[in-house]
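Please read the following account with the sequence and the model side by side.

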Amino acid sequence: MSAMPSKDHAAGHEAYDVVVVGAGFAGMYMLHRLRGQGLKVRVYEQGGDVGGTWYWNRYPGARCDVESMQYSYSFSDELQQEWTWSERYAPQPEILKYANHVADRFNLRGDIQLDTRVDRAAFDEAASTWQVTTSDGNTVTAKFVVLATGCLSNARMPHIRGLSDFRGKVYHTGHWPHERIDFTGQRVGVIGTGSSAIQSVPVIAEQARHLTVFQRTANFSIPARNAELTAEEREAFRSNYPEIRRFAREEARNGIYAEMPDRGALDDGDNARRAKYEQRWDRGGLTFMLAYNNLLLDKAANDSAASFVKEKIAEIVRDPETAKRLQPDDHPIGSKRICVDTDYYATFNRPNVTLVDIKSDPIEAITPNAVRAGAKDYEIDALVLATGFDAMTGSVAKIDIVGRAGRTLNQKWAEGPKTYLGLMSEGFPNLFIITGPGSPSVLSNMIVSIEQHVDWITEAIAFMRERDLGAMEATKEAEDRWVAHVNDVAQMTLYPQANSWYMGANIPGKPRIFMPYIGGVGVYRRICNEVAAKGYEGFVMSAAERVERMAAS
Ligand SMILES: Cc1cc2nc3c(=O)[nH]c(=O)nc-3n(C[C@H](O)[C@H](O)[C@H](O)COP(=O)(O)OP(=O)(O)OC[C@H]3O[C@@H](n4cnc5c(N)ncnc54)[C@H](O)[C@@H]3O)c2cc1C
């Protein structure tokens, strides 16, 4: 493949080798790797700065729930040795500072165009290039397009009657304002009880005169046990990073270095099992689910963990009615993303906090000064929508992506996303997705999955360039087999039993398909590596000159 000219002279458009959409952790690392190959790259980011998730989610209490020493890039040893995380789970401002540090350190900013949304990407079959149209009215051409648009970047605005009539301020956790919001003296309502609510409710409760939490589904949450990191703890990671990162990539299912379970929950007697859960509860965090190796496979095993957490909720929350409402009863523990909190359940012991069950008493309307549920008005001055995201496909679907023969990706995915390895979709040549549906993505430490995808895509593009190949595309057969495999693996677990955002169940009308790949990051990485080693098995690659001949004819 010859170097691209800087202008597509036929159309008068600026021409790039690669357009990357999004400047979160995925887009930034993608840019870094592609530039290392000498490619001409343009990154478009609709936000006002880099950082993605950590740019948008500035709500009180926002922090990561994978420990920071692991929720960080591994591609640069200097970076991981020199960056100092202050806490076990860094707060959002610190993670955003880290993203900015990476942008500066690797000199990325010059190739990132901020405040610019990609609205359309259309494949020009004759020229085998993408025409990318942005919100500033420009169109550029690119040989490759990489969607680094994020799995949790399309905030879900609920359609509630009267919402626009509300006289107070309305905030969405995923679009939080940049200035500090102080709820002191206010009556605040929070709608939703997923991860963002579970992080923000304890903080808002400390400020607000009164806080009313509107809960449709109770979620399981494990205490974070967040604390400042000591110099010794940081050093223990830094000096063992090669092994920690290797384990996270190759052996862990979820991309997290942790002690792995060697037995099922029912292999232990009652006392031993309880002791194990107590130990995991005391340690805190997501790895509670690694107490046993069958918690997401065997319902009886899962019930034992769920009962333990429900007992903890009953111990913490003094009012038995409220405790009961906070105990999840409609899904196996872990089948919805498990939450990690600081004092979430205890917050409901505060006299200024009320829990309203909107499953039994649905919200009927928002009035100018209240949320009306179960024929009762809960008066509020400010409303926080912690209603989550149109996950995994939402941001991709917002772009008008037109592939071969004028078929759009939205048409193709109308009944659920179809990809080969979560990386490409048949009919859309040279279009890659980072942590797309069909890959482990949201079931993992996302930075591990992001780095793996970016490295794989970089190598695939290098492979094509070395051989002067023009277009790469997943075959229908490989894609169908992969979609069936992703589904088969999901059906072997308890995950599909929950109405989760993994299933698209939080979005009315969205097809119910289990989107991420459950096989684990280690297994998945091996599959991707084998595919590449076999000359990109399941993909077709066509010669550049054939594409050019077709264009000329
Ligand atoms: C509150 C919160 C906490 C989280 N905590 C963790 C955690 O502890 N561990 C973990 O592994 N994961 C966590 N995640 C998941 C998190 O999204 C990923 O870890 C990671 O940040 C994703 O990076 P990304 O670059 O893929 O996507 P994002 O960070 O979402 O970045 C995508 C970017 O693409 C931009 N974009 C989208 N569409 C367009 C378009 N059409 N044109 C231009 N720009 C566009 C968006 O504006 C966004 O900035 C969390 C998510 C949330 C919301």
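**From a helix residue to the ligand**

Gln-199 lies in helix H5, which spans residues 195-207; helices (H or I, at least four residues) and strands (E, at least two) are DSSP runs, numbered from the N terminus. The model is predicted, so that local features need a pLDDT of at least 70 and side-chain atom pairs count only at pLDDT 80 or more, whereas totals for chains, interfaces and linings use all residues. Residues are numbered from 1 along each chain as its sequence is written, and side-chain values use heavy atoms, with hydrogens and water left out.

With a relative accessible area of 10%, Gln-199 is buried, where buried means under 20% relative accessible area, exposed over 50%, and partly exposed in between (1.4 Å probe, protein chains only). Not counting residues up to four places away in sequence, Gln-199 touches Tyr-59, Pro-60, Gly-61, Ala-62, Arg-63 and Val-340, a contact being heavy atoms within 4.5 Å. The side chains of Gln-199 and Tyr-59 are also joined by a polar contact of 2.6 Å, that is, a pair of N or O atoms within 3.5 Å, for which, within protein, one must be able to donate a hydrogen and the other to accept it, and residues adjacent in sequence count only if both atoms are side-chain atoms.

A side-chain N or O atom of Thr-53 is 2.7 Å from an oxygen atom of the ligand, while a backbone N or O atom of Asp-65 lies 2.6 Å from a ligand oxygen atom.

Two loop residues deserve a separate look. Arg-225, in the loop between strand E11 (221-223) and helix H6 (231-250), has a positive phi of about 55 degrees although it is not a glycine, and at 35% relative accessibility Arg-225 counts as partly exposed. Asp-343, in the loop between strand E12 (339-341) and helix H10 (344-347), likewise has a positive phi, near 65 degrees, in a residue other than glycine; at 51% relative accessibility, Asp-343 counts as exposed.
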